[in-house]
Amino acid sequence: MARSRCNGKILCLCLLPCVMVSHLLVYIMVSIFVAVSYSPPQPQLPLHFIATGASRNSGALASHPVRPFWNLRLEDGALWNRLQHIWDREHNPILRSNGTRSKGLILDTIQPSETGKTGACEQDEAWASHLPDFNTLPEQMKDFVRSMHCRNYAILVEQPNMCFGQESEAAFLLMAIKSQVGNFENRQAIRETWGRSGWIQGDGRGKGWFVRTIFLLARQDTETGPHPDLSALLKLESSTHRDILQWDFKDTFFNLTLKDVLFWDWLSKNCPHVHFIFKGDDDVFVRTTALLDYLDHVGVQKTHKNKTKRWDNFIVGDVIANAWPNRQPNTKYYIPESFYRGAYPAYAGGGGVVYTGALAMRLQEVSQWVRLFPIDDVYLGMCLHRLGVSPTHHSGFLTFDLPEDLREKPCAYHNVLLVHKRTPKEMLTLWKELQVPPLEC
């Protein structure tokens, strides 16, 4: 009897690891099944679109969407989702080691050719056939689909010494402004006001920080409309100010994402030690001194323990959460359902956003595994989501402007860090008004 009890105990001990392993395998299989079978919820109608999305977040911190904005399950007819699915499998060691191919993933054998970094990419019809409504899409959407495989373009105007020198290497803030060739007045107004390069003091007139400004341009050609030849003027401007970066691709709204991707590549090679990056448009107005004070204050509040991780991933702006693609074909932000399905991740409005240099390096790396998307601020949100980083909302980033009755009152800008939109003349006027100590507000 004693021997049989002993044998029973030994048998139980031998079977226990097997039972535990089998439970673990069941758990893994169920988890994978849930992830693969997930389908995003459909939006509640009616929707009120705000710029690129449907709703705004008023909280201090925008959390991750409740569910993934892209999923592992193949979405029939959604080109971007299917292409991203292929990259997700390639980049996922567990799925890659499986060696199986998902049904319907024929797109991975149809890869448009991409030229090297010294030449311009050419448009390709390879993926157009996978959009059943391609011929009915707006021209800017067609152009994007034909070129979305390209992200290596020759640089036409370079600034290799932008961050060389003792002062530049210690730059606290690099202001990267998206502009177009013909926007000379905007760029000059920025240089004379909120985008001045050099040592800038905060509002307290005490501590100073070194700031550099650079403008991001692409090519202006006949395909984007009739334009006068401004190449000679641009060359003169670049040689005078040495703050122009220009790449050899068409300067269109849907190509703004390329300016982010190529700027991150340039930054990683030329300015890897900058503390903060402001990325914005050339029609915004920034209270640079207040922004510098804010960034310094936030940095001081962080403990040494938090600085090593959370502070490096800091990004702040006007955060929009729980937004959906705009499905109205006659709008600027139209994204057809045949191209993308699902909700957008939380993102900061593209008028202006600030993030750390360390985060920019991570964005440069992760962007290589996120398919290009036509709307630049949404694409930034996609990259942040992939990194597990949530953008911080700040009410001082007014990417949708002040109420109309407050726009002419200097006191209304007391708590503003950024406001959109302003003409060059309005920038100069507002800058002059804000240099005078305000009366009691």
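Me: What is Phe263 in contact with, leaving aside its neighbours within four places in sequence?
Reply: This is a predicted model, so keep that in mind throughout. Phe263 is in contact with Leu174, Ala176, Ile214, Leu216, Trp247, Leu258, Ile277 and Tyr355. Phe263 is also among the residues of the largest nonpolar core that touch the most other members, along with Trp266, Leu267, Phe339, Tyr355 and Phe373. That core has 70 residues, and H8 gives the most to it, with eight.

Me: What makes the other core, with Phe285 and Val416, a separate one?
Reply: A core is a set of buried nonpolar residues joined through side-chain atoms within 4.5 Å. The set of 43 residues that includes Phe285, Leu292, Val316 and Val416 lies apart from the 70-residue one. In general, nonpolar side chains of soluble globular proteins tend to be buried together.

Me: Why is Tyr413 called buried?
Reply: The cut-off is under 20% relative accessible area. Tyr413 comes in at 2%, so it counts as buried. Tyr413 is found in the loop between strand E11 (397-398) and strand E12 (418-420). Not counting residues up to four places away, it touches Arg287, Leu402, Leu406, Arg407, Val419, Arg422, Leu430 and Leu434.

Me: How do you know that Tyr413 and Arg422 make a polar contact?
Reply: The limit for such a pair of N or O atoms is 3.5 Å. The side chains of Tyr413 and Arg422 are joined at 2.9 Å, and this counts as a polar contact.

Me: What makes Asp243 buried rather than exposed?
Reply: Under 20% is buried, over 50% is exposed. Asp243 has a relative accessible area of 6%, so buried is the word. Its place is in the loop between H7 and E5. Beyond its neighbours within four places in sequence, Asp243 is in contact with Gln159, Met162, Arg191, Thr213, Ile214, Phe215 and Ser238. One of these, Arg191, belongs to the buried set of helix H6 (residues 184-192), together with Asn186, Arg187, Ala189 and Ile190. The cover over that set includes strand E2 (173-178), strand E4 (208-219), helix H7 (231-241), strand E5 (244-250) and helix H13 (424-435).

Me: How do you know that Cys163 and Cys271 form a disulfide?
Reply: The sulfur atoms have to be within 2.5 Å. Those of Cys163 and Cys271 are 1.8 Å apart, and the pair passes. The count by this rule comes to one disulfide. With 95° about the S-S bond, the link is right-handed. Cys163 lies in the loop between strand E1 (155-157) and helix H5 (166-169), and Cys271 in the loop between helix H8 (256-270) and strand E6 (276-281), so the link ties together parts 108 residues apart in sequence. Both cysteines are buried.

Me: Why is Cys383 called buried?
Reply: Its relative accessible area is 0%, and the cut-off is under 20%, so Cys383 is buried.

Me: What makes E2 and E4 a pair?
Reply: Two strands pair if there are at least two bridges between them. E2 and E4 have six, in the parallel sense, with Ile177 opposite Phe215. E4 and E5 also pass, parallel over four bridges, and there Phe215 has Ile244 as its partner. Strand E3 (residues 198-201) joins E4 through four bridges too, but running antiparallel; Ile200 stands opposite Trp209. E4 is mostly covered, with 10 of its 12 residues buried.

Me: Why are E7 and E11 called edge strands?
Reply: Three strands form an open sheet in the order E7-E12-E11, with mixed pairing. Strand E7 (284-286) and E11 each pair on one side only, and that makes them the edges. E7 and E12 pair antiparallel over three bridges, where Val284 stands opposite His420.

Me: What makes helix H11 (residues 357-366) mostly covered?
Reply: Seven of its 10 residues are buried: Gly357, Leu359, Ala360, Met361, Leu363, Gln364 and Val366. Their cover includes H8, E6, strand E8 (315-320), strand E9 (347-356) and helix H12 (376-387).

Note on methods. Residues are numbered from 1 along each chain as its sequence is written. This is a predicted model: local features need pLDDT of at least 70, side-chain atom pairs count only at pLDDT 80 or more; totals for chains, interfaces and linings use all residues. Side-chain values use heavy atoms; hydrogens and water are left out. Helices (H or I, at least four residues) and strands (E, at least two) are DSSP runs, numbered from the N terminus. Buried means under 20% relative accessible area, exposed over 50%, partly exposed in between (1.4 Å probe, protein chains only). Contact means heavy atoms within 4.5 Å. A polar contact is a pair of N or O atoms within 3.5 Å; within protein, one must be able to donate a hydrogen and the other to accept it, and residues adjacent in sequence count only if both atoms are side-chain atoms.
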